[in-house]
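Here's a quick briefing to read with the model open in your viewer. Have a look at the fold, then work through the points below.

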Amino acid sequence: MNRLQRYLFRNLLIATLYSTAGLTLTIWLSQSLRLIEIVVSAGAPMGMFLWLLLLTVPTFLGIVLPLALVGAILFTYNKMATDSELVVMRAAGVGPFSLSKPALVLAVAVTVVVFTLNVWITPAAHRELVRMEYTVRSDYSQLFLREGVFNEVGERFSVFLRDRDSDGNLHKVLIHDGRQPDKPVTIMGDRAVMQTGPDGTRFVVYDGNRQELDRKTNRLSQLFFDRYAVDLKAVAPQAAERWPDARERTTAELMDGNVPAQDDRMRRGLIAELHHRFSSPLLALSYALVALAALLSGEFNRRGQSSRVTIAVLLVMGLQSAALGLTSLAGKATVFVPLMYAMPLLVLLPALWVMSRGLSLRPGRRQGAPDAAAAGRAS
């Protein structure tokens, strides 16, 4: 790139970094509201909260980067047009493709970054997020117990507590175990704590009673106790027993397609996720060319190009919605998989055609308008 193009590239890169940081902080804020409960409820260390928050970044960065690139292109070129910088460059003989080269180079770099995220980093981050979720549920299960409501800890196993103090003690506890429908068990206690050890997590209830109803004989048996332990190992979900989600699987695992033979729905989901990882990076190039075609084609207006910016934003929003819709449809029918690649590639051709029309348009003059100098000579 020459000096002019390096100047454009530097402005675009700075704007892209600022846009990415702003969008990331916005999404982080919404994520932190969900994760902050782990810290506020006490028990989990702050380091775990920060680690969970950091792991969320790769899960949305693949979507944020192309959108941040579009915002940077629209902001940079529109500002330069308003300041008449682009008018001077076009008057000096710099064409649309030369002006768009820095943006295209940056778009290719974003495409490579998004591809790297999709294929390697994002699946690993999502897998670690799920692992941390199960770790939190097993080691800090009391954090998910809300006060004043029946909390579903497992299938047919619920826990109610009146309140909780700063030491982690649960007051006025009621535990209902209906895993054996013929003999449901209800445990009530004045106080309870949750303990985690090598054998798993358990409730230790103090000063209460245990009631068991035999539905066959309608007999109710009661046991009053000072201390009673309820093992949650059989209740809490085990990570080893669950089938990994498509987003958690590595790209190599998606290519293997290791799913039960009778589960066609899961197989379609794995196929859709695999092709989404390969096709979504192409959106960065498509978005960039749409923005460049909107701003660099035709004549310039020193008063701004708000209408063109609006059109570019609407087109990008439509493409993003279509990409998400095709991914969802591909999970239901694999016939939509080719469209995941065709849509971003087909957008490139009209954008290049629109930009090529700008080669014959000089700044401040409409195509086909008479040259002022030629008119003067004729007179």
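A residue counts as exposed when its relative accessible area is over 50%, as buried when that area is under 20%, and as partly exposed in between. Phe150, at 52%, therefore lands in the exposed class. Keep in mind that this is a predicted model.

**Aromatic pairs and a charge over a ring**

- The structure has 4 aromatic pairs.
- One of them joins Phe150 and Phe160 in a tilted arrangement, with 5.1 Å centre to centre and 40° between the planes. Phe150 sits in strand E1 (residues 150–154) and Phe160 in strand E2 (residues 157–164), 10 residues apart.
- Another tilted pair is Phe225 with Tyr228, at 5.2 Å centre to centre and 35° between the planes.
- Phe115, Trp120 and Phe278 are linked by ring pairs into a cluster.
- There's also a charge to look at: Arg191 lies over the face of Tyr206, 4.2 Å from the ring centre.

- Helix H9 covers residues 306–330, and at 1.5 Å a residue its 25 residues should span 36 Å.
- Which residues of H9 are buried? They are Val309, Ala312, Val316, Leu319, Gln320, Ala323, Leu326 and Ala330.
- Those buried residues of H9 pack against helix H3 (57–82), helix H7 (264–279), helix H8 (282–296) and helix H10 (337–357).
- H8 passes the length check too: 15 residues at 1.5 Å each should span 21 Å, and the end C-alpha atoms are 21 Å apart.
- H8 is mostly covered, with 13 of its 15 residues buried.

**Nonpolar cores**

- The largest nonpolar core has 51 residues, and the ones touching the most other members are Leu69, Ile73, Leu74, Tyr77, Leu86, Leu99 and Leu292.
- Elements giving two or more residues to this core are helix H1 (3–40), H3, helix H4 (85–91), helix H5 (96–139), H8, H9 and H10.
- Apart from that core lies another, of 16 residues, including Val159, Val173, Ile187 and Met194.

**Annotated segments**

- In its unreviewed entry, UniProt places "transmembrane region" at residues 12–29, 49–77, 98–121, 309–329 and 335–356.
- For residues 49–77, the end C-alpha atoms lie 40 Å apart, and the span is 97% helix and 0% strand.
- For residues 98–121, the end C-alpha atoms lie 34 Å apart, with 100% helix and 0% strand.

- What does Glu273 touch, leaving aside residues up to four places away in sequence? Its contacts are Ala246, Arg247 and Leu254.

- Most residues other than glycine have a negative phi.
- Asp207 isn't a glycine, but has a positive phi of about 55°; you'll find Asp207 in strand E5 (residues 200–214).
- Asn218 isn't a glycine either, and has a positive phi of about 60°. Asn218 lies in the loop between E5 and strand E6 (219–231), and counts as exposed because its relative accessibility is 64%.

Methods
Residues numbered from 1 in each chain as written. Predicted model: local features only at pLDDT ≥ 70, side-chain atom pairs only at ≥ 80, totals over all residues. Heavy atoms only, no water. Helix = DSSP H or I, 4+ residues; strand = E, 2+ residues; numbered from the N terminus. Expected span 1.5 Å × (residues − 1). Buried < 20%, exposed > 50% of the residue type's maximum accessible area, 1.4 Å probe, protein only. Contact = heavy atoms within 4.5 Å. Core = buried A, V, L, I, M, F, W, Y, C linked by side-chain atoms within 4.5 Å. UniProt positions renumbered as here; feature names shortened; annotations may be inferred. Phe/Tyr/Trp six-rings, centres within 6.5 Å; stacked < 30°, edge-to-face > 60°. Lys NZ or Arg CZ within 6 Å of the ring centre and 35° of its normal.
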